[in-house]
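I opened the notebook on this structure today.

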Amino acid sequence: MAFVSNSDDLFDSIIMADARFHDEGYQEGFEEGIRQGTIEGRNHGRLHGAKLGAEVSFYYGFAQAFKYLLQNSSDVKARKRLKAMESLIGLIQNFPYEDPQYEKLQEDMERVRAKFRQVCSLLNVATDFKEYVSGSTGMSF
């Protein structure tokens, strides 16, 4: 009986090798997928975080520059523009930069963009952020 049992074990190990190799391959592929997904997710986050940071920084610089230009004006329209500018600066200063998992990031960013469009409308300035960043103005270094 022991002889039959050894041959059964030999055949079982041969037959089960396919399933064992399949399971091992699946586990290795799963672990590699997690590793690659983490790397890809990190790179994606860096890229979009940098774009978002550049956009917010542009809005902040824009608002600061126009605030400086408008603060000495006595015109009634300039006061309204200055108030809108200060509102935009306030939104940007309260923006949660340090919280990467902030749930209302998109909503807050839409508020900043809407306020920027309002300010640009008051100033009669083009609102296309990409126009200023993309280098389409012909500047090169």
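Is Y26 buried or exposed? I looked up its relative accessible area and got 54%, so Y26 is exposed. The cut-off for exposed is over 50%. I keep in mind that this is a predicted model.

Next I turned to F30. F30 has a relative accessible area of 44%, so I log this residue as partly exposed. Y26 and F30 both belong to helix α1. Four residues separate them, about one turn of the helix.

Then I searched the whole structure for aromatic pairs and found seven. For Y26 and F30, the ring centres are 6.1 Å apart and the planes meet at 20 degrees, so I count the pair as stacked. Stacked needs planes under 30 degrees apart.

I also noted an aromatic cluster. F58, Y59, F62, F66 and F116 make it up.

Which ring does the charged end of R20 sit over? I found it over the ring of F21, 5.0 Å from the centre.

I picked out a nonpolar patch of about 550 Å². I placed L10 in helix α1, which runs over residues 2-70.

Last, the record. UniProt, in an unreviewed entry, puts the feature "domain: Essential protein Yae1 N-terminal" at residues 25-63. I checked that span in the model: residues 25-63 are 100% helix and 0% strand. Their end C-alpha atoms lie 56 Å apart.

Notes: Residues numbered from 1 in each chain as written. Predicted model: local features only at pLDDT ≥ 70, side-chain atom pairs only at ≥ 80, totals over all residues. Heavy atoms only, no water. Patch = residues over 30% accessible without salt bridge, like charges linked within 9 Å, V, L, I, M, F, W, Y side chains within 5 Å. Areas by Shrake-Rupley, 256 points an atom, 1.4 Å probe, with all protein chains shown as cover. Salt bridge = Lys/Arg side-chain N within 4 Å of Asp/Glu carboxyl O. Helix = DSSP H or I, 4+ residues; strand = E, 2+ residues; numbered from the N terminus. UniProt positions renumbered as here; feature names shortened; annotations may be inferred. Phe/Tyr/Trp six-rings, centres within 6.5 Å; stacked < 30°, edge-to-face > 60°. Buried < 20%, exposed > 50% of the residue type's maximum accessible area, 1.4 Å probe, protein only. Lys NZ or Arg CZ within 6 Å of the ring centre and 35° of its normal.
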